[in-house]
Amino acid sequence: MIDSHAHLFLCEGSEDELVSAASEAGVRRILDVGLDERTNAGVVAAAERHASVFAAVGRHPNDSTGFDDAAAAAIAELARHEKVRAIGETGLDFYRDTAPPAEQRRAFAAQIEIAQDVGLPLVIHVRDAEGESAAVDEVFDTLDARAPGLTVVLHCFSAPARVADAAERGWYCSFAGNVTYPRSEELREAAAQVPEDRILVETDAPYLTPQAMRGERNRPANVVATARLVAEVRGVSYAELERTVEANAAALFGW
């Protein structure tokens, strides 16, 4: 199994403990995702320390205030490290108001350009205010206009109404622990519809702990619980889904 999106530096327990627990659970690869310049350097260092850990570097939309050319240059420089396998997470978040939309758009546009320049996939975070779709719509439109053909991962997939649109574009859809929540029926339906060669699973650790472990901080080992649910809704065995997502992640991240 793989965890296509985690933040080891935010999880409870030491890095060594988290990686060891994941390995014991059968998790062979983890993408450790940075959020800003400081944590980007940290995820690259973690990837250097652990053979099973790889890195994504970027500026999260909620932390995009003050993003400038120097910030873009720092991401671009780290992006050439041998264990960096994606750019992001980036995108738009209209649910929280920690960064002005204009700043989010500036950081998003810059990271699209970096991903194109270095030939790495782009990891997208997108979240709307309840009942709205402005952020999702703008992310789709921006990527269509600026980067047709770019390899895209919709991390923590949360736009079930757009699953067919994502499939049409050949984008990867990664499902996190919230797909296991009782009220997430639409997400489970979306997980059943994603093409076999474009589905991924993740933890987004330490967030979105699967239902069976609610009340605990999430960790990469828990991706197994999410994968079991995704396998169930897709009508396949856990072993078959494991082979599928491992192959998809290998093709996507080159690990």
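Helices and strands are DSSP runs, of at least four and at least two residues respectively, numbered from the N terminus. The structure described here is a predicted model.

The largest pocket is supplied with at least two lining residues by each of strand S4 (84-93), strand S5 (122-127) and helix H5. Among these contributions, S5 gives the largest share of the lining, 3 residues. The volume of the largest pocket is about 1,000 Å³. Its lining comprises 32 residues, and those nearest the centre of the pocket are Tyr95, Val126, Arg127, Asp128 and Ser158. By residue class, the lining of the largest pocket divides into 12 nonpolar, 9 polar and 11 charged residues.

In the whole structure, 1 cavity of 30 Å³ or more was found. The largest cavity holds about 40 Å³ of space. Ile124, Val126, Leu154, His155, Cys156, Phe157, Ser158 and Ala159 form the lining of this cavity. Of the cavity-lining residues, 6 are nonpolar and 2 are polar, with no charged residue present. Val126 and Ser158 are named both in the cavity lining and among the residues nearest the centre of the largest pocket.

Helix H5, which supplies residues to the pocket lining, also packs against another helix. Helix H4 (residues 101-118) and helix H5 (residues 134-146) have axes 11 Å apart, and the angle between them is about 40°. H4 is therefore oblique to H5. The crossing in which H4 passes H5 is right-handed. On the H4 side, the contact involves Arg105, Phe108, Ala109, Ile112 and Gln116, and these residues meet Glu138, Val139, Thr142, Leu143 and Arg146 of H5. The residues of this contact divide into 5 nonpolar, 2 polar and 3 charged.

Glu37, Asn40, Ala41 and Val44 are the H2 residues of the contact, where they meet Ala71, Ala74, Ile75 and Leu78 of H3. In the contact of H2 with H3, 6 residues are nonpolar, 1 is polar and 1 is charged.

Backbone geometry was then considered. The peptide bond joining Gly88 and Glu89 is cis, with an omega of about 20°. Glu89 belongs to strand S4, one of the elements that supply the lining of the largest pocket. Another cis peptide bond runs from Ala205 to Pro206, where omega is near 15°. Pro206 is located in the loop between strand S8 (199-201) and helix H8 (223-234). Asp204 also lies in the loop between S8 and H8. The phi angle of Asp204 is near 55°, a positive value in a residue other than glycine.

The segment after helix H9 (238-253) contains Gly254. When residues up to four places away in sequence are not counted, Gly254 touches Arg85 and Ala249. The C-alpha atom of Gly254 is separated by 9.8 Å from that of Leu120, although the two residues are 134 residues apart along the chain.

How values were computed. Residues numbered from 1 in each chain as written. Predicted model: local features only at pLDDT ≥ 70, side-chain atom pairs only at ≥ 80, totals over all residues. Heavy atoms only, no water. Contact = heavy atoms within 4.5 Å. Nonpolar A, V, L, I, M, F, W, Y, C, P; charged D, E, K, R; others polar. 1 Å grid on protein atoms, 1.4 Å probe; cavity = no way out; pocket = protein on both sides within 12 Å on 5 of 7 lines; lining within 4 Å. Points joined across faces, edges and corners; volume = space filled by probe spheres on them. Axes fitted to C-alpha atoms, helices over the stretch in contact; angles between N-to-C directions. Parallel < 35°, antiparallel > 145°, perpendicular 65-115°, else oblique. Left-handed = near helix turned anticlockwise from the far one by under 90°.
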